[in-house]
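Subject: Structure handover

Hello,

Here is the structure I promised to pass on. Please open it first, then read the notes below.

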Amino acid sequence: MRFSVNIPNFGDFADPRNVATAAAAAEQAGWDGLFVWDHVLHRRHQGRPFADPWMLLTAAALATSRIRLGTLLTPVPRYRPQQLARQVATLDRLSGGRVVFAAGLGGPIEDEYHSFGDAAEPRLLAERLDEGLELLSRFWSGEPVDHHGRHYEVRDVTLLPATVQRPRPPVWIGGFWPRRAPMRRAARWDGAVPLFETARHGHVPDVAEVRDLVGHVRRHRTAGDERPFEFVLGGATPPDAARAKDVIGPLHDAGATWWDERQVQTGPDLDRLPPVLRRIEAGPPVL
């Protein structure tokens, strides 16, 4: 099992220097990854400064040499695919092939889409997500792309350089369980990053629900697909190793392959560097 640290892209972490500090501390303490949020607007946290996640991850890449880096998660329908492909490929080059790309519809939908006059009907966003992911995968190949879809059109375009990772960076898909459609989408890619209706950000999910989710995804995996597949769960654990093991051990047994350490979303320490840094420096749980 691998372990990552999860931070927002606002508050103290709107400063790329603070993200670089957190990333370097995570690598030093033995964590395997650092992931940042990708929000333009989140009204629950309004009044705080926000930063572009790809700029934050650039600072993290320059401060580290080993850990995985990415967003959890990027709302693909909010971006132009060609712009997003460039950002991810550039970061993958800079980091020496350490990018993980996590994708979904994003949210809150009212904040991220309606506030800017964009269409926000979930079915439409899901269509743009699927078509956008297909385009991203093709752009990252460095091969010529022609595409005539419902939402996007590309005419004989080759985006270079290609990503370092071949055929592309790992793609993880997020969504709320027990909604089945996002996890069926995840089964077509490289990982599932679920949130749970019964355990929101920062709260540990129920083991029985995790077993149901893992079984659902595995049933929808393509027969004969031997690519590694990740089940990424998250929450807040105590720094005491024995207590943390009691929390994560059953989830590992249920199929989790990554634990993403997260502050409780409504807690006062969510976007403050000092308490997050203390948790990072205490090190990842030990199973």
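A residue is called buried when its relative accessible area is under 20%, exposed when over 50%, and partly exposed in between (1.4 Å probe, protein chains only). Helices (H or I, at least four residues) and strands (E, at least two) are DSSP runs, numbered from the N terminus.

This is a predicted model, in which local features need pLDDT of at least 70, side-chain atom pairs count only at pLDDT 80 or more, and totals for chains, interfaces and linings use all residues. Residues are numbered from 1 along each chain as its sequence is written, and side-chain values use heavy atoms, with hydrogens and water left out.

Start with strand β3, residues 68-75. Seven of its eight residues are buried, so β3 is largely enclosed by the rest of the structure.

Strands count as paired if DSSP finds at least two bridges between them. β3 pairs with strand β2 (residues 33-36) in the parallel sense, over four bridges. In this pairing, Val36 stands opposite Thr71 of β3. β3 also runs parallel to strand β4 (residues 99-104), joined by five bridges. There, Pro75 stands opposite Gly104 in β4.

Now the connections. A crossover is right-handed if, with the strands pointing away from the viewer, the path from the first strand over the helix to the second runs clockwise. β2, helix α2 (residues 53-62) and β3 form a right-handed β-α-β unit. From β3 the chain goes through helix α3 (residues 81-95) to β4, again as a right-handed β-α-β crossover.

**Helix α2**

Seven of the ten α2 residues are buried, so this helix is largely enclosed by the rest of the structure. Among them are Trp54, Leu56 and Leu57. What do the buried residues of α2 pack against? They pack against α1, β2, β3, α3 and β4 (contact means heavy atoms within 4.5 Å).

Asp52 caps the N-terminal end of α2. One of its side-chain oxygens lies 3.0 Å from the backbone nitrogen of Trp54.

**Asp38**

Asp38 sits in the loop between β2 and α2. With a relative accessible area of 2%, Asp38 is buried.

A polar contact is a pair of N or O atoms within 3.5 Å; within protein, one must be able to donate a hydrogen and the other to accept it, and residues adjacent in sequence count only if both atoms are side-chain atoms. The Asp38 side chain makes such a contact with the side chain of Thr74, at 2.9 Å. It makes another with the side chain of Tyr79, at 2.8 Å. Asp38 also touches residues including Asn9, Arg78 and Glu112.

**Aromatic pairs**

Rings of Phe, Tyr and Trp (its six-membered ring) pair if their centres lie within 6.5 Å; planes under 30 degrees apart count as stacked, over 60 as edge-to-face and the rest as tilted. The count comes to seven aromatic pairs.

Phe10 and Trp37 pair edge-to-face, 5.5 Å centre to centre with 80° between the planes. Phe10 lies in the loop between β1 (2-7) and α1 (16-29), and Trp37 in the loop between β2 and α2, so the pair ties together parts 27 residues apart in sequence. Both Phe10 and Trp37 are buried.

Phe35 and Trp258 also pair edge-to-face, at 6.0 Å and 65°. Phe35 is in strand β2 and Trp258 in strand β10 (residues 258-261), so this pair ties together parts 223 residues apart in sequence. Phe35 is buried at 0% relative accessibility, and Trp258 is buried at 1%.

Finally, ring pairs link Phe10, Trp37 and Phe50 into a cluster.

Best wishes

Note on methods. Lists of a residue's contacts leave out its neighbours within four places in sequence.
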